[in-house]
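Open the structure in your viewer and keep the sequence beside it. This tour goes from one selection to the next and says what is there.

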Amino acid sequence: MSSRAATPTTTSPYPSAARISDSQCYPQYTASLKCLEEFSSDKSKCQGHFDVYKECKKKEREARLERNRNRSFFS
């Protein structure tokens, strides 16, 4: 029997594999889903939520690319 207890990791070893709930865009994501639940027959009423979420994801991706660029050994 091992004396070492298994401890769950609190962070993903691979940042790109992070859960959606860890994203800065999670509030926009949940707002989009709530809108879809409310207006399932008319998705056009949720377009504003979709656009806000899309813009947030775009900024999040650009920030990640910039961080990766700054870490590069080849630039």
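**Before you start**

This is a predicted model, in which local features need pLDDT of at least 70 and side-chain atom pairs count only at pLDDT 80 or more, while totals for chains, interfaces and linings use all residues. Residues are numbered from 1 along each chain as its sequence is written, and side-chain values use heavy atoms, with hydrogens and water left out.

Helices (H or I, at least four residues) are DSSP runs, numbered from the N terminus. Buried stands for under 20% relative accessible area, exposed for over 50%, and partly exposed for what lies in between (1.4 Å probe, protein chains only).

**Stop 1: the disulfides**

A disulfide is a covalent bond between the sulfur atoms of two cysteines. Here the term is applied to a pair of cysteine sulfur atoms within 2.5 Å. The structure has two of them.

Select C25 and C56, which are joined by a disulfide with an S to S distance of 2.0 Å. C25 sits in the segment before α1 and C56 in helix α2, so this pair ties together parts that are 31 residues apart in sequence. The link is left-handed, with -95° about the S-S bond. C25 is buried at 0% relative accessible area, and C56 is buried at 15%.

Now select C35 and C46, whose sulfur atoms are 2.1 Å apart in a disulfide. C35 belongs to helix α1 and C46 to the loop between α1 and α2, so the parts tied together are 11 residues apart in sequence. The torsion about the S-S bond is about -95°, so this disulfide is left-handed. C35 is buried, at 5%, and C46 is buried, at 0%.

Which pattern do the disulfides follow when bonded cysteines are counted along the chain? The pattern is 1-4, 2-3.

**Stop 2: S23**

Go to S23, in the segment before α1 (26-38). S23 is buried, with 12% relative accessibility. A polar atom of its side chain lies 2.9 Å from the backbone nitrogen of C25. The side chain of S23 also makes a polar contact of 2.8 Å with the side chain of E60. A polar contact is a pair of N or O atoms within 3.5 Å; within protein, one must be able to donate a hydrogen and the other to accept it, and residues adjacent in sequence count only if both atoms are side-chain atoms.

Which residues does S23 touch, not counting residues up to four places away in sequence? They are K57 and E60, where contact means heavy atoms within 4.5 Å.

**Stop 3: the aromatic rings**

Show the rings of Y26, Y29 and Y53, which form one aromatic cluster. The structure holds two aromatic pairs. In one of them, Y29 and Y53 have ring centres 5.8 Å apart and planes at 50°, so the pair is tilted. Y29 lies in helix α1 and Y53 in helix α2 (residues 47-71), so parts 24 residues apart in sequence are tied together. Rings of Phe, Tyr and Trp (its six-membered ring) pair if their centres lie within 6.5 Å; planes under 30 degrees apart count as stacked, over 60 as edge-to-face and the rest as tilted. Y29 is partly exposed, at 27%.

**Stop 4: S32**

Select S32 in helix α1. S32 is buried, with a relative accessible area of 6%. Leaving aside neighbours within four places in sequence, S32 is in contact with H49, F50 and Y53. A polar atom of the S32 side chain lies 3.4 Å from the backbone oxygen of H49.

**Stop 5: the salt bridges**

How many salt bridges does a search of the whole structure find? It finds three, a salt bridge being a side-chain nitrogen of Lys or Arg within 4 Å of a carboxyl oxygen of Asp or Glu.

- D22 and R19 meet in a salt bridge at 3.5 Å, N to O. D22 is partly exposed at 48%, while R19 is exposed at 56%.
- K57 and E60 form a salt bridge with their closest N and O atoms 2.9 Å apart. K57 is partly exposed at 30%, whereas E60 is buried at 19%.
- R69 and E66 form a salt bridge with their closest N and O atoms 2.5 Å apart. These residues are three apart in helix α2, about one helical turn.

Note on methods. Helix = DSSP H or I, 4+ residues; strand = E, 2+ residues; numbered from the N terminus.
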